[in-house]
Each structure stands twice: as C-alpha cells, then as structure tokens.
Amino acid sequence: MSDRKTTDFGYEQVAVEEKAGRVADVFHSVAARYDVMNDLMSGGVHRLWKRFTIELAGVRAGQKVLDIAGGTGDLSYAFARRVGDDGLVVLADINESMLNVGRDRLTDRGVAGNLQYAQADAQYLPFPDNTFDCITIAFGLRNVTDKDLALASMLRVLKPGGRLLVLEFSKPNNPLLEKAYDAYSFKLLPFMGKVVANDADSYRYLAESIRMHPDQETLKAMMDNAGFVNTEYHNMTGGVVALHKGIKP
Amino acid sequence: MIDKKLLSLLVCPVSKAPLEYDADKQELVCRASGLVYPVRDGIPVMLESEARQLTLEEREQLDRQ
C-alpha cells in the first residue's frame, strides 16, 4: 500500500498508527530501570538539565502545572513543592508503566494532595482551554507521533501568558563533539542498555530517535507555527540537549 | 477514588466536553462523545484507544436523568 502514511520510529519507517504502540513497548521495557539508566547514560548530568528547566519554568505558589511525559516524576516533584497547597501539578504520561513507577516513587518521597496523575496523549490533552500556567515536556516530544498536533494541543490548554518548556535532545553545535557523541550513543549506549537493563534495542531506539528529532531552529520554527510567541532556546552540554521556551499570547 | 481537584479539570480528549464520574464502576463518562474512560488504580486513562462506547441502555438511562 503506497498511500499508507508512515513516520519515523528511530531509523525505521513505520505506519503512523503503529508508532505509539512501538514507543509504548520501549517504555514498558525500560520503566523499572529508567532512573538508573538516566544517571548512568548522562553521567548524572540529566539532573542539571532538569534543574535548569525548573529554574526557567519560574513556577510560583498557587499555579497549575502540567508535566507531560512526566515519567518518573523528577520535574513534578520539584513543581509540587513550589506550587504549594493552593496549586496543582498534573503528571501526565501516555505510558501506564512509567506512570506507575512515577507514582510509587513520588508517594515514597511524600508528595500527595497537590500532585495528580493522568494517563494522557500529548496530541489530545484531556483538559479545557486556558487551564495551565506552565507546561513542561522533558524528553517526551521526540516520541510523539505528530509533534505539530501536540504543540497545538499544549497551546490550547495553556492560559494566555502561560509558558511551554520543551527539554529534549538536540543537535551538538560542534563537529568534534558530534563525532564523540555519535560514537558514544551508537556504540556505548546500546551496550550499557544491554548490560544494565538487558535491553539493547530500546537504547538503540533512543539513539536513533534523537537523531531523527528536529534540531534547535526547526523545533523553534514549529513552536512559532503552532502560535507560540517569544520563542527561544538554550543549548546545554554543547547542544546535546536544548531547552525551548514559548509563551501563549 | 479519583481526586476532586483533578476531576474538575478533566474533559473528554475527543469532544472536550465535561465528564461524569461513576464511582461504582470507576469510569468517566462523556455524554457528548459517548465514550467511557476507565479509572485504573485511581489514575484516569484518558485515551480514546482505551475507552469503550456507551451502550444504548446506558445512554437511555442518562437521558432520563
């Protein structure tokens, strides 16, 4: 069938309706070891990337925050402490396994009441228009099938003046770094995935999906097209990761 | 049980209409789209792919209320 719409799943082309299921399998597979692997793969630097995201989010007491693809809850935990009893944080993830790991972990850390959980698709958010002061999506947009649809959906549920922060792997801005990074992610990463999580395929998908993700300027243009204003991005670790920010007018 | 604060925020991802909570069945019902979303382990599953359709009888019952 030549007219069948396809999309990228890492370097593979799959039918559009197939991608979500394939991504789900990856995250069911890695959920239990997700935190350990993040620390190992990034040498702990993912904590700095997230800390910068939390700073730039500027969340204040009483605000409503949506943490999409919130996974194991690093950002939600920080936001829940900041919004206080009058605020609310919703940790949303499309993946049941990640959501369960996140809830167990945050309950263990003593967060309750102002942190709620919902299984939701970033492309079809189950919230009314103009609901949230801030939306974050950290290492999640890459896995969404239709990123334009997701950006439009996030814009819809943001309040006017509300901000979106997208933390995602991006394109290193130095050719030497890019070479080292390629060697790291296509050789070492699947190897670590195999040894630590017994799952080389999932970590190969990770490396491939990062290369397929739009670079800094492309993602910024996508946010502009979706209707965000004052869009900007900050490179971290030489552009290995970028934090994009946009405001709903 | 689903939290009241969260419940007041949720809408149907398809119709964007408000939902009714059925505490006995642990489901969220959207009259507009006729979709019923499960609440699993206290977490609402707001995915169209996981929702079921309202049955004719359920629809009639809702209309009478």
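## Packing of H3 and H4 in chain A

In this predicted model, helix H3 (residues 46-57) of chain A packs against helix H4 (residues 74-83) of chain A at an angle of about 35 degrees. The two axes are 10 Å apart, and the crossing of H3(A) with H4(A) is right-handed.

On the H3(A) side, the contact is made by Lys50(A), Thr53(A) and Ile54(A). These meet Asp74(A), Leu75(A) and Ala78(A) of H4(A). By class, the residues of this contact are 3 nonpolar, 1 polar and 2 charged. Residues three or four places apart in an α-helix point the same way, because the helix has 3.6 residues a turn.

## Helix H6 of chain A

Helix H6 of chain A covers residues 147-157. Its buried residues are Lys147(A), Ala150(A), Leu151(A), Ser153(A), Met154(A), Leu155(A) and Val157(A).

## Contact between chains A and B

Chain A and chain B each put 15 residues into their contact. On the side of chain B that touches chain A, helix H1 (4-9) and strand E4 (43-44) of chain B each supply at least two residues. H1(B) gives the most to that side, with 3 residues. The chain B side consists of 11 nonpolar and 4 charged residues, with no polar ones.

## Confidence

The model has an ipTM of 0.95 and a pTM of 0.90. For chain B, the mean pLDDT is 93, and 100% of the residues reach 70 or more.

Methods
Residues are numbered from 1 along each chain as its sequence is written. Chains are lettered from A and ligands numbered from 1 in the order in which they are written. This is a predicted model: local features need pLDDT of at least 70, side-chain atom pairs count only at pLDDT 80 or more; totals for chains, interfaces and linings use all residues. Two residues are in contact if their C-beta atoms, placed from the backbone, lie within 7 Å. Helices (H or I, at least four residues) and strands (E, at least two) are DSSP runs, numbered from the N terminus. Ala, Val, Leu, Ile, Met, Phe, Trp, Tyr, Cys and Pro count as nonpolar, Asp, Glu, Lys and Arg as charged, and the others, Gly among them, as polar. pLDDT is the predictor's confidence in each residue, from 0 to 100. A residue is buried if 20 or more other C-beta atoms lie within 10 Å of its own, exposed if 12 or fewer, and partly exposed in between; C-beta atoms are placed from the backbone. Axes are lines fitted to C-alpha atoms, for helices over the stretch in contact, and angles run from 0 to 180 degrees between N-to-C directions. A crossing is left-handed if the near helix is turned anticlockwise from the far one by less than a right angle, and right-handed if clockwise.
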